[in-house]
Amino acid sequence: EPFQDFIHSIEHVFQTWTTKPNLWICAFALNQDETQSLSVELEMKPIEESPFVRALKKAKHFVVVRNSTTDLYSRIWCVCELYYAHKFGLTLENTYVTGPDNF
């Protein structure tokens, strides 16, 4: 996905907020391209100890940014994040979905 499209999607979610939140963006926190790199970054710890699960546990809001090239449900990390977001009470009231609806 083009980075500018990603930024536009994030800006769209928070455009009416008077106080902008701090954001933790999982795509920037872990190298998600290579299985071996990801395993090293996670140090083969249980998934509950991964950076994104720890971040979700403390989050007050959850933003799902769709893109025009990949169905987020085809990526295991995205599905895992959705699972943990739900587990930690990030529901319709505090979850925002943005980006193209191509899938």
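1. Contact is used in this note for heavy atoms within 4.5 Å. On that criterion, among contacts in the protein between residues at least 6 apart in sequence, 69% join residues at least 24 apart.

2. Some remarks on the basis of the values come next. The model is a predicted one, in which local features need pLDDT of at least 70 and side-chain atom pairs count only at pLDDT 80 or more, whereas totals for chains, interfaces and linings use all residues. Residues are numbered from 1 along each chain as its sequence is written, and side-chain values use heavy atoms, with hydrogens and water left out.

3. The protein contains 5 helices and 2 strands, where helices (H or I, at least four residues) and strands (E, at least two) are DSSP runs numbered from the N terminus. Read from the N terminus, the order of these elements is α-α-α-α-β-α-β.

4. The accessible surface of the protein amounts to about 7400 Å², with 54% of that belonging to carbon and sulfur atoms; the areas come from the Shrake-Rupley method with a 1.4 Å probe, and for residues only the protein chains shown count as cover. Of the 103 residues, 25% count as buried, a term that stands for under 20% relative accessible area, with exposed meaning over 50% and partly exposed in between (1.4 Å probe, protein chains only).

5. In helix H4 (residues 51–58) the buried residues are Phe52, Val53 and Leu56. Viewed down the axis of H4, these buried residues fall within an arc of 100°, so they line one face of the helix; the arc is that of the directions from the helix axis to the C-beta atoms. The face of H4 turned away from the buried side carries the exposed residues Arg54, Lys57 and Lys58.

6. Glu81, in helix H5 (residues 76–87), deserves a separate look. Glu81 is buried yet has no salt bridge, and the nearest side chain of opposite charge, that of Arg75, is 7.9 Å away. Here Lys and Arg count as positive and Asp and Glu as negative, while His and the chain ends are not counted. Leaving aside residues up to four places away in sequence, Glu81 touches Cys26, Phe52, Leu56 and Phe62, and of these, Phe52 and Leu56 are among the buried residues of H4.

7. How many salt bridges does a search of the whole structure find? The search finds 1, a salt bridge being a side-chain nitrogen of Lys or Arg within 4 Å of a carboxyl oxygen of Asp or Glu. Arg66 and Asp101 form a salt bridge in which the closest N and O atoms are 3.7 Å apart. Arg66 lies in the loop between strand E1 (62–65) and H5, and Asp101 in the segment after strand E2 (95–98), so the pair ties together parts that are 35 residues apart in sequence. Arg66 counts as partly exposed at 23% relative accessibility, whereas Asp101, at 57%, counts as exposed.

8. Ser68 is also placed in the loop between E1 and H5 and is partly exposed, at 39% relative accessibility. Ser68 touches Pro100, Asn102 and Phe103, not counting residues up to four places away in sequence. Ser68 and Glu1 are 67 residues apart in sequence, and their C-alpha atoms are 6.9 Å apart in space.

9. The count of disulfides comes to 0, with a disulfide taken as a pair of cysteine sulfur atoms within 2.5 Å. Cys80 is in no disulfide, and the nearest cysteine sulfur, that of Cys78, is 10.0 Å away. Cys80 is buried, with a relative accessible area of 19%, and Cys78 counts as buried at 19% relative accessibility.
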